[in-house]
Amino acid sequence: MYDVLILGAGPAGLGAAIYAARAGLSLAVIDQSPISGGQVLNTYEVDNYLGLMGETGGGLSDKFREHADKLGTEFITDEVQSVEDKGDKKIVHCYEGDYEAKTLILATGATHSMLGVPGEEKLSGMGVSYCATCDGAFFRNRTVAVVGGGDVAVEDAIFLSKLCKKVYLIHRRDTLRAVKSLQEQLFAKENVELVWDSEVTEICGTNAVEKITLYHKKKQQASELEVNGIFIAVGIVPNTELFRGLVELDERGYIKAGEDCISSCGGIYAAGDIRLKPMRQIITAVADGANAVNAVQSYLHKI
Ligand code: NDP
């Protein structure tokens, strides 16, 4: 039986792994993918991680994994099916087998939200994408739209402006939610056009995206835009369905836990984007990993 099992190998999970390893705890990290990183892998360039300015998302993820690996972390590539709480023993049921631990750190991150408009599902992978760094190269010298006004949408638009002939950034309001430094970079791009106060109402095309229809909320006017691709960046949903009934969630599915990462279930901790918190950044996810291990240690002393 492990002292702690960490579910998820993104920044929160790997941050927890290095703290647990250094504390001398027996641990393993379970992730369905052998490539660590979570959402960071979708980021082209990370400019807000202290000391590593300009690192690529993939590069930063590799460094995180290498660090955890060097400290002796055991990695298990398997998909979690369910989690059982038996008091002092937690059982994680996976496809390949079951794993037992005294404590768990849940760090399964979040997944992109869907826009929920006609044509989105049908054309997914045929011009509809949720990852600019993964799919941007398919649209070299072409025209694309990005939907959303947060950090991810603005980062995506900046990234795509370097590859594409023209990028439309479509936002449902007239101010962006993204951090100011990203907005400044965006506004300096000559091939990016901002489409304010507008919602995408349909994505059209037969075997590929051909155009999108828009609705301007203030003018109450419909219009069309010819694009070859559309990148959707309208927020995230936490990957917590497996933990429903095990720990308390809020109405949007985030795990209710404070900065100490303590969930409603004794011996189970929530770290990173799955936790209810005001700021979801790589650096705050890593910090959660450290705080979660601190709480694990206090718990282990008591049992
Ligand atoms: P956000 O929730 O920050 O932004 C989502 C955007 O999508 C908002 O502008 C929102 O509009 C818009 N939106 C939501 N639903 C719809 C809809 N149905 N139709 C049209 N537009 C919609 O999500 P992000 O994915 O941008 O970022 C997720 C988290 O990750 C954030 O906390 C972000 O700060 C963080 N992040 C951290 C990074 C780092 O640490 N380096 C890098 C990138 C992201 P409105 O503004 O009107 O609500």
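**Entry 1: α4 and α5**

I began with the contact in which Asp151, Val154, Glu155, Ala157 and Ile158 of α4 meet Leu182, Gln183, Gln185 and Leu186 of α5; contact here means heavy atoms within 4.5 Å. Helices are DSSP runs (H or I, at least four residues) numbered from the N terminus. By class, I noted five nonpolar, two polar and two charged residues in the contact of α4 with α5. Ala, Val, Leu, Ile, Met, Phe, Trp, Tyr, Cys and Pro count as nonpolar, Asp, Glu, Lys and Arg as charged, and the others, Gly among them, as polar.

Before going on I noted that this is a predicted model, in which local features need pLDDT of at least 70 and side-chain atom pairs count only at pLDDT 80 or more, while totals for chains, interfaces and linings use all residues. Residues are numbered from 1 along each chain as its sequence is written, and side-chain values use heavy atoms, with hydrogens and water left out.

I then looked up the geometry: the axes of α4 (residues 151-161) and α5 (residues 180-187) come within 9 Å and cross at roughly 30°. That makes α4 roughly parallel to α5. Axes are lines fitted to C-alpha atoms, for helices over the stretch in contact, and angles run from 0 to 180 degrees between N-to-C directions. Angles under 35 degrees count as roughly parallel, over 145 as roughly antiparallel, 65 to 115 as roughly perpendicular and the rest as oblique. The crossing of α4 past α5 is left-handed, meaning that the near helix is turned anticlockwise from the far one by less than a right angle (clockwise for right-handed).

**Entry 2: α1 with α2**

I turned to α1 and α2 (residues 57-70), whose axes come within 9 Å and cross at roughly 25°. α1 and α2 are therefore roughly parallel to each other, and α1 passes α2 in a left-handed crossing. On the α1 side I listed Pro11, Leu14, Ala17 and Ile18, which meet Phe64, Arg65, His67 and Ala68 of α2. The class count for the contact of α1 with α2 is six nonpolar, one polar and one charged.

**Entry 3: α1 with α6**

I next checked α1 (residues 11-22) against α6 (residues 282-302): the axes come within 7 Å and cross at roughly 40°. α1 and α6 are therefore oblique to each other, and the crossing of α1 past α6 is right-handed. Pro11, Ala12, Gly15, Ala16, Tyr19 and Ala20 of α1 make the contact with Ile282, Ala285, Val286, Gly289, Ala290 and Val293 of α6.

**Entry 4: cysteines**

I searched the whole structure for disulfides (cysteine sulfur atoms within 2.5 Å) and found one. The disulfide joins Cys131 to Cys134, with S to S at 2.0 Å. The torsion about the S-S bond of Cys131 and Cys134 is about 70°, so the disulfide is right-handed.

I looked up accessibility as well, where buried means under 20% relative accessible area, exposed over 50% and partly exposed in between (1.4 Å probe, protein chains only). Cys131 counts as buried at 9%, and Cys134 as partly exposed at 45%. Cys261 is in no disulfide, and the nearest cysteine sulfur, that of Cys265, is 15 Å away. Cys261 is buried, at 0%. Cys265 is likewise in no disulfide and counts as buried at 9%.

Definitions and conventions:
Helices (H or I, at least four residues) and strands (E, at least two) are DSSP runs, numbered from the N terminus.
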